[in-house]
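Please read the briefing below with the sequence and the structure side by side, and look up each residue as it is named. The topics are grouped so that each can be checked on its own.

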Amino acid sequence: MPYRALNGLLVVAGLVLALVLVVLGADLALAARTGPRWKRRLVAAGLGLLASLGLLSAGCQSAESTNPAPSTAAPATGQSLAETPQWKHLAATWTEAEEVASGRRGPYPFDEAGQKKLLADLATVGTDIDALAKAGQLNDAEAGLLREDLKRLVAGVEAKRPTEMRMATCYEPMMMQPAHDSLARLEARLPLLESLAMDEKIHPDAVRKVLTTIEADVAYLDAEEHLNEFPPKDRPAAEKTRDAARAALDRVKARLAAPPAAPDKLASSKDWAVVIHYWQTVTPLAESGLGTEKQREDAAKCLAAATEAIKRLTDASELSEGESGLLLTQAQCLQEDMYRNPPTDSFIACYDIAISPPQQQSLDRLSARLPLLKKMLEAGKLHPAVIEKILPPIEADLKQLPYLPENYPAEMREVAAVRAEVEQVLTDLKKAVDGTK
Amino acid sequence: MIRPRRHESLVFEVTQRCNHACLHCYNAWKNAAPYPPTRELSTADTLAMLGKVLDESSARLISLSGGEPLLRADVYEIIDFLLERGTTVNLITNGSLLTDKAIARLIPDKISVFELPLLSIDRAVHDRMSGSAGAFDRMTMALASLKAARQRVVAVFVATRLNLPQWRETAELAFALGADGIMFNRFNPGGEGARHVAELQASPAELQAALDAAEEFSRTYDFPISCSIAMPPCLFDTARYERLTFGFCAAGTKRAYYTIDPAGRLRPCNHSPTILGNVREANFWDLIDGPAARDFVAARPEFCTGCRIEAACQGCCKAAAEACLGSPHNLDPFLSANAARAVKVR
């Protein structure tokens, strides 16, 4: 405790002395290096406190800042090495150059004049070493080592740019930190990459290449020893980022694995317009189940035309067999829905039309569509326009299934099996459609 | 203690041939004023020429440029030679020839930084500016492959009227692909670009808005963005950007990027058409201390007289003035077109 109190007193006294020296206009850095030991210690302590309070900084070195002047006189015999003017000059210049070369004074540690001055000082340090070696103050090995280290310092000082050069980088690649993918950067990159991949802004092969680097990062973070490199407080965030990265990777990979988008010629073709016309004509009639004889006749004509159009599109390879099969099935379903009630303008008795329960109709339809859906997926050619047409009624039929009576276990098993298969195919289809948009 | 005089960095135009036809290309041999016919030296002569200039200049960094440097079959020998000489090598390429096989010949770490153009997130715009169909896909693939090989890559965005609307998204693309930074270079007329000024040159207001977006992007993603082509402080309030770094002309300083063409002719920079002499025939220092170089360094447009930062700024890009208006003493054409809005720094 008394020792701490003594240190505290020393710092306070140093601060007072430093302030007095400032008031007197003295050079604090020089005062910390010269004079009696007690004074150097006090000033150094005061400077330390000022620096720790942020009131003092190394700042940019300019030509005005001085190291002890180099001495041309030979070191006196009997003088200790530390007391020779050559060593004092060497030590002061060395400290400054070391700070500059190490980067502790930042990327622009001096102005041009300051750099020139420091390099000139370093040049005379070579002379200092020669003089000290000649006087026997340094042996050959010491002098040799110092000369070698001096070369390193000179190169380090030369490599630093003066403040005037802060902006002189035209065309030259920027100075930057070594490449590394920090966790934060990985976290930020992935959503962008995912979005670019989903939008097909970049070629899938390029995305695959990028994924290899991200996979490597994720694999790195899988290893316990690497996770242990994080401070305990940062580890949960690292794990969270890794898991998010893995999930995003899976999504992007699924997107890349989806069948390629089909050309967009279909949507603008005349035959497709015929198909659309049928859908637009029949859908309201099918939904309501109400229609006149004339409307039903027109719908039948539309269906014939649409059927021919679908066949032509299939022959021209604009539609896959799976797609055309589903469209024809769906067109037939719409037609049947339209006929589920008697025409609104006739007097046919209600019992003339035998209608199976809606749930059974849904099951039958789904069972009929399932092989076609699978075939379509396997064909690997998907048109969003087609998918948009066929998906809603399938989903509507799926909703009907839970209402089958529970006292028919065999039927329920069949329903469950069909539902599972259809739902799986629908999921795959939706992924594929998302990818083609 | 005697230390050899040293010049930090040089640009070597490996070849004048190119497989792209960029609208904004500034190559000096595409200027309206004629450039001497240039025959590529043999491999042996090229290495001898580079060896001589390295001996004389003690340069520590060489940026290989072109044309498209990878079109030259002996470029790998040139790179190996430079590395043996202890030189750091940067490669400025359009990326079209950076196949996996080519990259395998450049790793590990033969190239310090790869500079690749990323002109737009829109394929059509990138391909149009590059004058080459499929350039976008080849470049993005090259960038991704380089990052997969753990190389350092800087994407270069040349800001024009055509691609500025997509600047933010293009920066996102560069970041997502793993680029280590972006150079946001305003279109600087010269060479082929001088023929497309009306089509390409953006206004100061458009560029300032892009700088605002760049600052925000750099802050959001902690992503380095440098504006290498000088943005004249009399037109742009550069002081308000904390994250962006701005380049000024380095002519006359240790970091001036003296440029050597495939025949050994030395120029003050890669944008300038001034030929200082041939490094095969003359000493490097004699050329850069010679009258032509001194005139280039000293050139200041009259417009800049009285500006406080005239010495540091050097009148924006004197090479562009030279390429478009015939003399480095003229005013940078971009500054000239917007002189009425310029506010001198007092």
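In this predicted model, B:Gly67 is found in the loop between β2 (61–65) and α2 (75–84) of chain B, and the peptide bond that joins B:Gly66 to B:Gly67 is cis, with omega at about 20 degrees.

**Backbone details**

- A cis peptide bond also joins B:Ile107 and B:Pro108, where omega is about 5 degrees; B:Pro108 belongs to the loop between α3 (100–106) and β4 of chain B.
- B:Arg150, which lies in the loop between α5 and β5 (153–159) of chain B, has a phi near 60 degrees, and this is a positive value in a residue other than glycine.
- Is B:Arg150 buried or partly exposed? B:Arg150 counts as partly exposed because 15 other C-beta atoms lie within 10 Å, whereas a buried residue would need 20 or more.
- B:Cys316, found in the loop between α11 (310–313) and α12 (318–325) of chain B, has a phi near 70 degrees, which is again a positive value in a residue other than glycine.
- B:Cys316 has 28 other C-beta atoms within 10 Å and therefore counts as buried, since the cut-off is 20 or more.

**The sheet of chain B**

- In chain B, 11 strands form an open sheet with mixed pairing, and their order is β8-β7-β6-β5-β4-β3-β2-β1-β9-β10-β11.
- At the edges are β8 and β11 (277–278) of chain B, each of which pairs on one side only.
- Strand β1 (residues 9–13) of chain B runs parallel to β2(B), and five bridges join the two; B:Phe12, for example, has B:Leu64 in β2(B) as its bridge partner.
- Helix α5(B) packs on the sheet, where it touches β4 and β5 of chain B, and its direction makes about 160 degrees with that of β4(B).
- Helix α6(B) lies across β5 and β6 of chain B and runs at about 170 degrees to β5(B).

- In soluble globular proteins, nonpolar side chains tend to be buried together.
- The largest nonpolar core here has 120 residues, and the members that touch the most others are B:Leu143, B:Ala155, B:Phe157 and B:Ile182; the element that gives the most to this core is α5(B), with eight residues.
- Leaving aside residues up to four places away in sequence, B:Leu143 touches B:Gly95, B:Leu116, B:Val153, B:Ala155, B:Leu177 and B:Ala179.
- There is also a second, separate core of 30 residues, which includes A:Val282, A:Leu319, A:Leu327 and A:Met338.

**Contacts between the chains**

- How many residues of chain B are in contact with chain A? There are 44 of them, and they meet 31 residues of chain A.
- On the side of chain B that touches chain A, at least two residues each come from β4 (113–117), α5 (135–148), α6 (167–177), β6 (181–186) and β8 (245–246) of chain B, and the largest share, seven residues, comes from α5(B).
- Sorted by class, this side of chain B has 22 nonpolar, 13 polar and nine charged residues.

Terms used:
Residues are numbered from 1 along each chain as its sequence is written. Chains are lettered from A and ligands numbered from 1 in the order in which they are written. This is a predicted model: local features need pLDDT of at least 70, side-chain atom pairs count only at pLDDT 80 or more; totals for chains, interfaces and linings use all residues. Two residues are in contact if their C-beta atoms, placed from the backbone, lie within 7 Å. Helices (H or I, at least four residues) and strands (E, at least two) are DSSP runs, numbered from the N terminus. Ala, Val, Leu, Ile, Met, Phe, Trp, Tyr, Cys and Pro count as nonpolar, Asp, Glu, Lys and Arg as charged, and the others, Gly among them, as polar. A nonpolar core is a set of buried Ala, Val, Leu, Ile, Met, Phe, Trp, Tyr and Cys residues joined through C-beta atoms within 7 Å. A residue is buried if 20 or more other C-beta atoms lie within 10 Å of its own, exposed if 12 or fewer, and partly exposed in between; C-beta atoms are placed from the backbone. Two strands pair if DSSP finds at least two bridges between them. Axes are lines fitted to C-alpha atoms, for helices over the stretch in contact, and angles run from 0 to 180 degrees between N-to-C directions.
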